[in-house]
Amino acid sequence: MKAKGNVKRYTQKAMIARVVRECDMLWRLQILGRANGHCEICGAPGPQDLRDSKWIIIAACHINSRGIWSTRWNLRNGLAGCSDCHNEKTIIEWLQTTDPDRYEWIMEQRRIQVPDRDLDLQEILRTLRDAA
Ligand SMILES: [Zn+2]
C-alpha cells in the first residue's frame with residue numbers, strides 16, 4: 001500500500017513538472033515572438049548582435065519573479081530584454097514610463113498573490129497552447 005502511494009505521488013509530481021516546463025517554454029516563445037526577438041527596452045536586435053565586443057542575449061524576462069506563480073505565465077508579466085536591461089530597476093522604470101496601466105497591474109498582482117493550490121495548471125497550459 002505504501003509503495004503504491006509513493007508511486008502515485010511521484011507520478012503526480014513528474015506530471016506537474018512536465019506541465020510547468022511546457023508552460024515555461026510556451027510563455028518564453030510567445031514573449032520573444034511578440035517582441036520579434038528584440039529587446040523591448042533598448043531595442044537591441046537580437047542574439048547575433050555584438051555590443052561593446054560582447055554578444056547580446058535576448059531573454060524572456062519575468063517582471064514579477066517566476067516565484068509568483070499567479071503571474072508566472074501571464075503574458076502581461078513578460079517582456080523581451082537583453083542582458084543589459086534584464087534587471088529589476090531598468091524594467092520597472094521602463095514599465096512606469098511606457099505602460100503605467102500595466103505597471104499598476106503588476107504591483108496589484110504582487111499584493112494579492114494567489115496561493116499555488118488555487119492555480120489550474122491544465123487551464124493555463126490550454127490558454128498558452130491556444131495563444132501559440
Ligand atoms: Zn536592452
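These questions and answers walk through a predicted model of one chain. Residues are numbered from 1 along each chain as its sequence is written. In this predicted model, local features need pLDDT of at least 70, side-chain atom pairs count only at pLDDT 80 or more, and totals for chains, interfaces and linings use all residues.

Q: In what order do the elements of the chain run from the N terminus on?
A: Helices (H or I, at least four residues) and strands (E, at least two) are DSSP runs, numbered from the N terminus. The chain has four helices and four strands. From the N terminus on, the order is α-β-β-β-β-α-α-α.

Q: Where in the chain is confidence lowest?
A: pLDDT is the predictor's confidence in each residue, from 0 to 100. The chain averages 89, and 95% of the residues score at least 70. Helix 2 (residues 88-98) has the highest confidence, at 96, while the lowest, at a mean of 74, is in strand 1.

Q: What percentage of the 132 residues in the chain is buried?
A: A residue is buried if 20 or more other C-beta atoms lie within 10 Å of its own, exposed if 12 or fewer, and partly exposed in between; C-beta atoms are placed from the backbone. The C-alpha trace spans about 60 × 35 × 25 Å along its principal axes. Of the 132 residues, the buried share is 18%.

Q: Is tryptophan 73 buried or exposed?
A: Tryptophan 73 sits in the loop between strand 3 and strand 4. Its C-alpha is 5.9 Å from that of tryptophan 27, although the two are 46 residues apart in sequence. Because tryptophan 73 has 23 C-beta neighbours inside 10 Å, it counts as buried.

Q: Which residues is tryptophan 73 in contact with, leaving aside its neighbours within four places in sequence?
A: Two residues are in contact if their C-beta atoms, placed from the backbone, lie within 7 Å. With close sequence neighbours within four places left aside, tryptophan 73 touches Cys23, Trp27, Ile124 and Leu128.

Q: Which residue in strand 4 is the bridge partner of histidine 62?
A: Four of the five residues of strand 3 (residues 58-62) are buried, so this strand is largely enclosed by the rest of the structure. Two strands pair if DSSP finds at least two bridges between them. Strand 3 runs antiparallel to strand 4 (residues 78-82), with five bridges joining them. In strand 4, histidine 62 is bridged to glycine 78.

Q: Which residues have the most contacts inside the largest nonpolar core?
A: A nonpolar core is a set of buried Ala, Val, Leu, Ile, Met, Phe, Trp, Tyr and Cys residues joined through C-beta atoms within 7 Å. The largest has 18 residues, and those with the most contacts inside it are Cys39 and Ala80.

Q: Which elements give two or more residues to this core?
A: The core is the largest nonpolar one, with 18 residues. The elements giving it two or more residues are helix 1, strand 3, strand 4 and helix 4 (121-131).

Q: Is asparagine 36 buried or exposed?
A: Asparagine 36 is in the loop between helix 1 (2-34) and strand 1 (50-51). Its phi is near 55°, a positive value in a residue other than glycine. Because asparagine 36 has 11 C-beta neighbours inside 10 Å, it counts as exposed.
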